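Morning, everyone. I'd like to walk through one structure with you. Let me put it on the screen.

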2 protein chains.
Amino acid sequence: MIAQMVRELAMAARPAARTLAVASSEVKDRALGAMADVLWSNRAAILSANARDLAEAKAERHPTAFLDRLALDDSRVEKMVAGVRQVAHLPDPVGEITGMWRRPNGLLIGRMRVPLGVIGVIYEARPGVTADAAALCLKSGNAVILKGGREAIRSNRVIGGLLAEAAVAAGLPKGCVGFIDSVDREAVAHLLTLSGFVDLIIPRGGEELIRTVQQTSAIPVLAHEKGLCHIYVDDGADLAMAEEIAFNAKVERPGVCNAMESLLVHERVASEFLPTTIRRLRESGVEVRGCPRTRALAPGITAATEADWDTEYLDLILSVKVVGSFEEAVGHIAEHGSGLAEAIVTADHARAMRFLREVDAGAVFVNASTRFTDGGEFGMGAEMGISTQKLHARGPVGLTELTCQKFIVLGEGQIRDSRK
Amino acid sequence: MIAQMVRELAMAARPAARTLAVASSEVKDRALGAMADVLWSNRAAILSANARDLAEAKAERHPTAFLDRLALDDSRVEKMVAGVRQVAHLPDPVGEITGMWRRPNGLLIGRMRVPLGVIGVIYEARPGVTADAAALCLKSGNAVILKGGREAIRSNRVIGGLLAEAAVAAGLPKGCVGFIDSVDREAVAHLLTLSGFVDLIIPRGGEELIRTVQQTSAIPVLAHEKGLCHIYVDDGADLAMAEEIAFNAKVERPGVCNAMESLLVHERVASEFLPTTIRRLRESGVEVRGCPRTRALAPGITAATEADWDTEYLDLILSVKVVGSFEEAVGHIAEHGSGLAEAIVTADHARAMRFLREVDAGAVFVNASTRFTDGGEFGMGAEMGISTQKLHARGPVGLTELTCQKFIVLGEGQIRDSRK
């Protein structure tokens with residue numbers, strides 16, 4: 001029965017996607033505006049559903065961080081509504097033609113940006129993702145099927161229902177926002193089998209959710225895996241700048257994927273840089289775990305184990321290593337980095353250029369904090385997440401990354417002669 | 001044992017890919033030149049190995065078309081060598097920066113094109129793919145692991161060995177060309193499990209190979225599925241042009257994926273267009289299967305069944321349907337097309353633009369033959385195949401499609417304040 005419900009949503013999304021693919025920006029933006037309005041005018045219903053979700057989650061003794069992700073209040077609903085409006089104001093990527101060229105036979109060939117089709121978004125506790133994901137998918141011309149976490153079912157049911165209704169009332173096709181109204185664990189498994197109906201799956205949540213989806217999906221997956229970011233302080237770097245960047249990347253918001261987890265310092269600047277920087281980090285509550293050379297320079301810190309170099313703490317903990325060369329730093333990053341974001345602080349132009357070229361990550365920084373790895377900060381507008389994959393999209397996933405390109409060819413009757 | 005051999009090739013390819021990613025175009029092009037030279041000067045050894053493959057395949061009573069794909073002669077080796085040289089002369093996509101923008105905080109952000117890493121290519125009888133795939137992967141900065149068909153093992157062993165040796169002698173890293181020297185069916189299964197070592201799998205071959213790879217791979221797959229291409233002749237089209245295009249798309253080379261399989265004709269031009277066009281097609285040996293209205297206009301042809309609209313004949317067979325409107329044609333294509341290439345012949349500007357926008361395929365043509373769907377014809381140089389997927393790459397897969405883009409960020413010490 002749950003299989004049939006999921007299948008029916010996907011079968012309704014398919015024709016909706018075809019209509020949506022050619023909907024004008026004006027119609028889509030008006031629908032997003034209506035969706036924002038309806039969320040705001042029904043905030044009491046949203047908050048009351050959320051209060052019931054929250055009460056149950058408390059009774060089930062979920063941890064505080066989980067409850068915080070689940071909880072909505074006036075200001076969070078306001079943010080959700082503002083997010084939908086912001087997406088409405090972003091430029092529409094659909095229909096963009098990114099260059100055309102003329103062939104010797106007169107054919108004019110170019111690439112046109114088009115939606116992917118139907119996108120399935122699987123997420124966990126945050127009810128705000130429901131509005132976020134729907135807005136990004138619709139604006140990029142895609143139909144969306146939403147599957148939120150069990151604990152947020154009442155909040156998501158209200159939000160999803162309001163969004164779907166408002167979208168259709170504003171002229172978007174029926175079925176363009178599908179909401180899997182079920183707490184059955186089988187629902188996700190069924191969704192992941194529908195490769196003929198769904199074009200892309202985006203899982204948003206913890207490592208376990210993402211791994212499960214990647215391992216079982218018959219549909220292509222765009223995944224945001226862990227962020228194990230390094231900052232490398234090069235020989236000759238501006239050490240005041242390096243300290244500010246390292247401090248910002250570790251302390252400003254330690255629980256996010258683009259925070260620094262490992263600090264690498266060239267041996268020639270280690271004795272000048274590390275003692276003061278480590279003192280400042282520790283004064284801000286950071287637990288520092290160092291290699292032997294780091295510990296010699298900053299007595300009293302814990303010894304880093306091999307496991308530390310591969311750990312995404314998502315917390316006020318930092319591993320620190322003194323390296324003998326630029327090459328050793330780049331090698332350490334290649335071995336231990338997760339491919340999300342990596343940074344060098346340097347005054348040397350050649351090494352800055354080498355770092356940009358040689359380090360394999362979604363975002364590579366010179367003299368700036370990895371914390372900027374974010375669609376908004378990059379000027380791409382709202383984002384669906386940050387891809388750590390190499391295929392299709394790498395780094396922040398905004399509207400453009402929810403589309404693909406097709407070739408368009410304009411002729412005047414050309415036919416092909418393979419013998420030529 | 002076979003598992004270990006495949007794993008060792010992949011483990012050698014990984015560090016090779018890191019070195020190759022930053023190799024200069026000059027070094028890569030010189031290596032490709034050396035690879036071409038060594039193939040040519042060892043053509044006697046290649047042809048003798050191929051003769052043994054061919055003798056065995058004949059003894060195993062493989063069909064003629066299969067033997068033709070397997071067979072090499074002087075001219076085919078010459079073509080293989082010329083293909084490698086052609087790839088050497090193509091522009092290097094690696095390192096290209098496709099636009100940079102400045103953020104209000106002064107950060108300079110752009111996208112840099114980089115290799116994918118390690119690419120596994122799985123193919124069938126054609127030994128020429130060995131050279132082709134190696135050249136395209138190396139030029140785009142990727143290490144490659146090759147797995148050819150059992151029947152071509154002797155030919156591929158010689159070609160793969162020569163290529164790997166020449167590449168390393170010319171300065172490319174050891175392990176950059178891996179050749180799975182085994183006829184064990186398990187080899188492919190093992191390769192598809194190595195998701196930590198291999199970044200992309202490209203299967204080249206029949207439907208069955210591609211389906212098996214897609215269903216079992218733990219690694220992302222870039223696949224070329226079937227091509228079921230339509231040509232729609234619109235009301236008011238230049239019918240002489242339409243006839244030439246339809247004839248070319250069906251007859252010039254019927255066994256390839258970009259040939260036409262279904263012809264759709266607007267009812268207002270059907271009686272003028274179909275009788276002469278069908279006569280000409282039949283005179284060239286094409287079996288025409290028509291809808292009832294087509295049969296009324298061209299007596300003596302077979303009746304098309306429902307299955308015909310979904311069949312990729314790859315042969316001198318054509319299904320023909322009379323449609324009542326532009327919308328019916330576009331709807332038929334949406335239902336039955338395979339997303340490879342679709343064409344309209346029209347004199348109406350608005351419908352030409354609508355066709356480009358509304359038809360969902362890798363390549364959409366106005367007034368030209370679908371037979372042009374090809375990397376060479378599109379001006380992209382040699383190609384690895386034609387992707388029918390939407391993710392990552394759609395249409396011809398050339399050097400650029402074997403790369404991805406990372407963000408590069410140049411700062412002057414910027415740090416982030418999330419409260420702003």
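Start at R289(A): its bridge partner in β10(A) is T302(A). Two bridges join β9(A) to β10(A), and these strands run parallel. Strands here are DSSP runs of E with at least two residues, helices are runs of H or I with at least four, and both are numbered from the N terminus. Two strands count as paired if DSSP finds at least two bridges between them.

A word on what you are looking at. This is a predicted model, where local features need pLDDT of at least 70 and side-chain atom pairs count only at pLDDT 80 or more, while totals for chains, interfaces and linings use all residues. Residues are numbered from 1 along each chain as its sequence is written, and chains are lettered from A and ligands numbered from 1 in the order in which they are written.

Back to the strands. On to β11(A): four bridges join strand β9 (residues 287-290) of chain A to β11(A), again parallel. There, G290(A) has V320(A) as its bridge partner. Further along, strand β12 (residues 341-345) of chain A pairs with β13(A) in the parallel sense, over four bridges. E342(A) is bridged to V364(A) in β13(A).

Now the whole sheet. What is the order of the ten strands? It reads β10(A)-β9(A)-β11(A)-β8(A)-β7(A)-β12(A)-β13(A)-β16(B)-β2(B)-β1(B), an open sheet with mixed pairing. At the edges stand β10 (302-303) of chain A and β1 (97-102) of chain B; each has a single partner strand, so one side of each is left without a neighbour in the sheet.

A helix covers part of this. Helix α13 (residues 326-336) of chain A lies across β7 (229-233), β8 (260-266), β11 (317-323) and β12 of chain A. It runs at about 140 degrees to β11(A). For these angles, axes are lines fitted to C-alpha atoms, for helices over the stretch in contact, and values run from 0 to 180 degrees between N-to-C directions. Contact means C-beta atoms, placed from the backbone, within 7 Å.

There is another open sheet of ten strands. Its order is β1(A)-β2(A)-β16(A)-β13(B)-β12(B)-β7(B)-β8(B)-β11(B)-β9(B)-β10(B), and the pairing is mixed. β16(A) and strand β13 (residues 363-368) of chain B pair in the parallel sense over five bridges. In that pair, Q414(A) is bridged to A368(B). Within chain B, strand β8 (residues 260-266) and strand β11 (residues 317-323) also pair in the parallel sense, over five bridges. V265(B) stands opposite V322(B) in β11(B). Helix α11 (residues 267-283) of chain B lies across β7 (229-233), β8, β9 (287-290) and β11 of chain B, at about 145 degrees to β8(B).

Next, the interface. The contact takes 57 residues from chain A and 58 residues from chain B. On the chain A side, the largest share, eleven residues, comes from β16(A). By class, that side has 28 nonpolar, 14 polar and 15 charged residues. Nonpolar covers Ala, Val, Leu, Ile, Met, Phe, Trp, Tyr, Cys and Pro; charged covers Asp, Glu, Lys and Arg; the others, Gly among them, are polar.

How are the copies related? A rotation of 180 degrees with 0.0 Å of shift along its axis superposes chain A on chain B, with RMSD 0.0 Å. That is the relation of a two-fold axis. In chain A, the C-alpha nearest the axis belongs to H392(A), 1.7 Å away. The same surface serves both copies: 100% of the contact residues of chain A recur in chain B. The superposition is by least squares on C-alpha atoms of residues with pLDDT of at least 70 in both.

Last, a helix pair. Helix α2 (residues 25-41) of chain B and helix α5 (residues 74-89) of chain B pack at about 175 degrees, with axes 8 Å apart. They are therefore roughly antiparallel, the term for angles over 145 degrees. Residues in α2(B) including L32(B), M35(B) and W40(B) meet a set in α5(B) including V77(B), M80(B) and V84(B). That contact divides into eleven nonpolar, one polar and two charged residues.

Technical notes:
Contact = placed C-beta atoms within 7 Å. Parallel < 35°, antiparallel > 145°, perpendicular 65-115°, else oblique.
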